[in-house]
Amino acid sequence: MQVRRGVDGRRKRGELRRSELLRATVEVIRCDGVAGVSHRAVAAKADVSVASITYHFATLDDLLVATLTWAADDLAAELHGWGSELGSRPTDELARLIEHNLVRRRGRTLALYELYLYAARRPELRSAAAAWLEPMTDIARTFTADPRKAQLLVAALDGLLLQCLIGAREVDRADIAALLDVLR
């Protein structure tokens with residue numbers, strides 16, 4: 001039994017370290033983009049040795065895939081239940097969700113889009129990038145029973161989020177209401 005606890009303790013510490021490294025990677029991406037990610041940059045951000053990073057993630061691709069997957073899981077956990085909690089003013093709640101991702105979670109949102117666009121050039125990242133759309137699609141299904149329209153709503157929200165991230169527009173609840181009207 002003692003040995004088992006030691007192994008479980010090491011596994012738990014390893015998982016915690018891995019999460020710290022993934023959070024540090026998101027922070028590097030937020031500050032410097034995907035191009036700024038290196039084992040050395042993440043090690044500096046996490047205040048650990050480079051060996052610690054390479055122990056968990058041998059290659060940068062391993063690190064980027066794991067970061068995108070971890071961030072997508074984090075987003076999915078955060079969004080879980082949003083669709084069932086939209087209440088009597090779903091358009092306002094959707095606008096609040098978008099604002100939340102642009103203000104309180106801006107760094108994560110920016111890093112996700114960096115990784116999302118990076119996946120266009122890296123086939124090994126595509127499935128991880130596509131997976132982060134699932135929780136938004138689940139929410140979109142609360143606005144329309146048509147699966148195609150739900151996917152179009154997510155695509156439109158993607159465009160809206162990108163435009164807001166680059167400062168080309170601000171979130172406008174009237175635009176969201178108009179978009180939902182078109183897709184219903």
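Buried means under 20% relative accessible area, exposed means over 50%, and partly exposed lies in between, using a 1.4 Å probe and protein chains only. This is a predicted model, where local features need pLDDT of at least 70, side-chain atom pairs count only at pLDDT 80 or more, and totals for chains, interfaces and linings use all residues. Residues are numbered from 1 along each chain as its sequence is written, and side-chain values use heavy atoms, with hydrogens and water left out.

**Overall build**

- The protein chain has 10 helices and zero strands. Helices (H or I, at least four residues) and strands (E, at least two) are DSSP runs, numbered from the N terminus.
- Along the sequence, the pattern reads α-α-α-α-α-α-α-α-α-α.
- The C-alpha trace spans about 60 × 40 × 30 Å along its principal axes.
- The protein chain holds 184 residues, and 38% of them are buried.
- Contact means heavy atoms within 4.5 Å. Take the contacts between residues at least 6 apart in sequence: 65% of them join residues at least 24 apart.

**Surface and charge**

- The accessible surface of the protein chain is about 10500 Å². Carbon and sulfur atoms account for 51% of that surface. Such areas come from the Shrake-Rupley method with a 1.4 Å probe; for residues, only the protein chains shown count as cover.
- The protein chain carries 27 positive and 25 negative side chains. Lys and Arg count as positive, Asp and Glu as negative, while His and the chain ends are not counted.
- The centres of the two charge sets lie 5 Å apart. Each charge is placed at NZ of Lys, CZ of Arg, CG of Asp or CD of Glu.

**Cysteines**

- A disulfide is a covalent bond between the sulfur atoms of two cysteines.
- Cys31 is partly exposed, at 40% relative accessible area. Cys164 is buried, at 10%.

**The aromatic pair**

- A pair of aromatic rings is described by the distance of the centres and the angle of the planes. Rings of Phe, Tyr and Trp (its six-membered ring) pair if their centres lie within 6.5 Å; planes under 30 degrees apart count as stacked, over 60 as edge-to-face and the rest as tilted.
- The whole structure has one aromatic pair. Tyr113 and Tyr116 form this edge-to-face pair, with 5.8 Å from centre to centre and 75° between the planes.
- Both tyrosines sit in helix α6 (residues 106-118). They are three residues apart there, so about one helical turn separates them.
- Tyr113 is buried, with a relative accessible area of 2%. Tyr116 is partly exposed, at 22%.

- Thr109 lies in helix α6. Thr109 is buried, at 5% relative accessibility.
- Setting aside residues up to four places away in sequence, Thr109 touches Asn101 and Leu165.
- Thr91 belongs to helix α5 (residues 90-102). Thr91 counts as buried, at 18% relative accessibility.
- Beyond its neighbours within four places in sequence, Thr91 contacts Phe143, Arg173, Ile176, Ala177 and Leu180.
- Thr91 and Phe143 are 52 residues apart in sequence. Their C-alpha atoms are 9.2 Å apart in space.

**An arginine in helix α1**

- Arg23 is part of helix α1 (residues 2-32). Arg23 is partly exposed, with 45% relative accessible area.
- Arg23 and Arg13 are 10 residues apart in sequence and 15 Å apart in space, C-alpha to C-alpha.
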